[in-house]
Amino acid sequence: MPYNNEREDMHIYMRYSFACYTDRGKRKEVNQDALLVSRAVYHGQETVLAVICDGMGGLKQGELASAEVAGAFDMWFEEIFFRIENEAEFEDELYESWEILLQDIHQKIREYGRRCGIRLGTTATVMLLRQQEYYIAHVGDCRIYEIKDQVRQLTKDQVQAELDKEGKENILLQGIGVSKMIRPAYYSGEVKEEAIYLLCTDGFRHKISEQELQEAFAPEDLVDEEAMERRGKEITETVIERGEKDNISVILLRTMSERGADEASVYKKYLQKLLYSQRRGLTE
């Protein structure tokens with residue numbers, strides 16, 4: 001979609017680079033997190049889908065639940081997104097399709113748990129960056145931060161603080177596959193140019209401050225994907241040294257603007273994908 005600027009034949013296109021890092025951590029035998037980043041170009045415009053899921057460590061086979069969600073969104077991006085991409089009411093169509101997808105996965109995981117006599121579940125935080133807008137679906141306590149001149153948290157943790165023997169503990173209010181019902185939260189907003197969008201599990205952020213995030217992930221310092229991945233690994237190692245024992249995962253998306261000639265008449269589509277999970281979906 002073209003945007004007005006000083007020349008009618010020139011348009012602003014948002015470009016993205018991305019990197020991911022995940023670590024099992026010190027205590028867990030299995031990494032129950034699942035990550036997906038997929039990028040496509042359609043009519044000259046880049047679109048990026050990012051998904052981060054934290055399989056519930058206190059339940060059995062959390063890695064199956066997280067992999068199921070990541071795999072479902074992987075399929076959605078390849079098969080469904082381009083059907084609704086040109087809809088006039090794109091945001092409504094998008095959130096309706098995500099709601100159906102999340103409710104279907106929730107019931108599928110619950111049914112699998114009943115058949116196997118176990119409880120399993122996962123959080124899920126999803127971000128789509130398209131043109132100059134972002135769209136988010138959120139269940140649980142993974143977070144998305146926007147980092148530019150300041151750090152802004154774009155999601156709200158679905159947790160309840162409760163006292164335990166050691167002080168305070170955050171209890172998840174919603175989990176895909178484990179709650180009786182889920183009510184995903186949806187957010188949207190304008191994508192900032194030359195910014196970092198950081199998606200992370202709670203293990204990544206427990207031992208790090210927002211000021212440290214601002215300093216570590218300043219967009220001007222992360223000039224390429226190699227630098228982004230290296231910084232994600234460095235911060236992961238830092239939080240492990242500070243005593244974090246949970247699985248730790250982060251996705252970094254960097255935005256860049258580019259002016260170019262009108263490509264609206266040129267059909268071009270490709271998929272570049274990174275998918276990490278311990279297992280791809282539920283097994284019978």
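**Loops and charged patches**

Reply: Let's start with Q131, which counts as buried because its relative accessibility is 11%. Here, buried means under 20% relative accessible area, exposed means over 50%, and partly exposed is in between (1.4 Å probe, protein chains only). Before going on, a word on the numbers: this is a predicted model, where local features need pLDDT of at least 70 and side-chain atom pairs count only at pLDDT 80 or more, while totals for chains, interfaces and linings use all residues. Residues are numbered from 1 along each chain as its sequence is written, and side-chain values use heavy atoms, leaving out hydrogens and water.

Back to Q131: you'll find it in the loop between β4 and β5 (133–139). Strands (E, at least two residues) and helices (H or I, at least four) are DSSP runs, numbered from the N terminus. Although Q131 isn't a glycine, its phi is positive, at about 55 degrees. E194 is not a glycine either and has a positive phi of about 55 degrees. E194 is in the loop between β10 and β11 (196–200), and with 34% relative accessibility it counts as partly exposed.

Another loop, the one between α3 and β4 (124–130), holds T123. A polar atom of the T123 side chain lies 3.1 Å from the backbone nitrogen of D54.

Now for the surface. A patch of negative charge brings together E87, E89, E91, D92, E93, E96, E133, E190 and E193. To be in a patch, a residue needs over 30% relative accessible area and no salt bridge; like charges are joined within 9 Å, and nonpolar side chains (Val, Leu, Ile, Met, Phe, Trp, Tyr) within 5 Å. A salt bridge is a side-chain nitrogen of Lys or Arg within 4 Å of a carboxyl oxygen of Asp or Glu. With 4 residues, helix α3 (residues 90–116) gives the most to the negative patch. E190, though, sits in strand β10 (residues 185–190), and it counts as exposed because its relative accessibility is 52%.

There's a positive patch on the surface too, where K26, R27, K207 and K245 gather. R27 is in the loop between β1 (10–23) and β2 (33–42). Its relative accessibility is 56%, so R27 counts as exposed.

Conventions
Areas by Shrake-Rupley, 256 points an atom, 1.4 Å probe, with all protein chains shown as cover. Lys, Arg positive; Asp, Glu negative; His and termini not counted. Charge placed at Lys NZ, Arg CZ, Asp CG, Glu CD. Polar contact = N/O pair within 3.5 Å; in protein donor to acceptor, adjacent residues only side chain to side chain.
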